[in-house]
Amino acid sequence: MYGLLEWNENRPKRVMIEETAILRVPFLRVSVPRGGPEGLTRRRLAWALRRCRKLGVMRWVLPEGFPYGAVLEKQGLRPISTLPLRRALAADWAGAELAARGIGLSGARVAVTGDTLTGEMVRTVTELSLRHRYVLLSVPRGGEELSRRLRREFGVSVQLNPSREELEKAAILVAFSPGEVSHPLVLRLYDESQRLPLLSLPPAQESQLPPRADRGQLFTVLREAGAVPSGAFLLEAAPPAALTF
């Protein structure tokens, strides 16, 4: 079971712990009073987390802008990692960013870089190759076999081993690992501090979501649990400043 932490502004003296479900995915919802002395909030939070840890709840969806990461870490707990979601949405995310800047999708050069050709990278390169005429792939090993398979199965090709100058001239860089290439528009799929695109679901599902939860963490869980497929998310590009170095 996943944990869902919420702030309780209406009942300031009581921690509430209850089982709930979001789109049929079970959560242990913890509502912690917030207000008054900072030390009191921390003690209430630590007490609630200790109790939930004893129940086996280790991974948490937190409120937006959660400031007590040290309290969570001290209890041996961790927030949900959004890296799987970022990588699953990479092709759609790149398209949304290009479209927001008025860059034609079919003719745009899209560069993908990484240290290892993972399954996530293969999926992203495949999706991008079917949408964009020019895809550049920089990866130490495995690129040749992937290129042959894409040509054989889909009739598309990728440019392998592009130069640094060619990578820097691409319309967008999709980076699965840190590198030395400088680019004004880059999706750092290894960096959870980079702002995600604005994500939403169709209205019938959106109305069932907790209003102040970290949406990246929540959507990661819903996707992981099979409640929402990657293609169901509606993406809106983040402000340009959130994506530039």
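**Exercise 1.** How many aromatic pairs does the structure hold? Classify the pair F66 and Y68, and then the pair F219 and F233.

*Solution.* The model is a predicted one.

Step 1. The structure holds five aromatic pairs.

Step 2. For F66 and Y68, the ring centres lie 5.9 Å apart and the planes meet at 75 degrees. Planes over 60 degrees apart count as edge-to-face, so this pair is edge-to-face. Both F66 and Y68 are buried.

Step 3. F219 and F233 have a centre-to-centre distance of 5.0 Å and 45 degrees between their planes, and the pair is tilted. F219 belongs to helix 9 (residues 215–224), whereas F233 is in the loop between helix 9 and strand 12 (234–236); the pair therefore ties together parts 14 residues apart in sequence.

Step 4. F219 has a relative accessibility of 0% and counts as buried; F233, at 5%, is buried as well.

**Exercise 2.** Identify the aromatic cluster that contains W7, and the residue that lies over the face of W7.

*Solution.* Step 1. W7 forms one aromatic cluster with F66 and Y68.

Step 1. R34 lies over the face of W7, 4.7 Å from the ring centre.

**Exercise 3.** Describe the largest cavity and its lining.

*Solution.* Step 1. The volume of the largest cavity is about 40 Å³.

Step 1. The lining consists of L137, V139, P140, G143, E144, L160 and N161.

Step 2. Sorted by class, these lining residues are four nonpolar, two polar and one charged.

Notes. Residues are numbered from 1 along each chain as its sequence is written. This is a predicted model: local features need pLDDT of at least 70, side-chain atom pairs count only at pLDDT 80 or more; totals for chains, interfaces and linings use all residues. Side-chain values use heavy atoms; hydrogens and water are left out. On a 1 Å grid over the protein atoms alone, a cavity is a set of points where a 1.4 Å probe fits but cannot get out, and a pocket is an open set with protein on both sides within 12 Å along at least five of seven lines; lining residues have an atom within 4 Å of a point. Grid points are joined across faces, edges and corners, and a volume is the space filled by probe spheres set on the points. Ala, Val, Leu, Ile, Met, Phe, Trp, Tyr, Cys and Pro count as nonpolar, Asp, Glu, Lys and Arg as charged, and the others, Gly among them, as polar. Rings of Phe, Tyr and Trp (its six-membered ring) pair if their centres lie within 6.5 Å; planes under 30 degrees apart count as stacked, over 60 as edge-to-face and the rest as tilted. Buried means under 20% relative accessible area, exposed over 50%, partly exposed in between (1.4 Å probe, protein chains only). Helices (H or I, at least four residues) and strands (E, at least two) are DSSP runs, numbered from the N terminus. A charge sits over a ring if NZ of Lys or CZ of Arg is within 6 Å of the ring centre and within 35 degrees of the ring normal.
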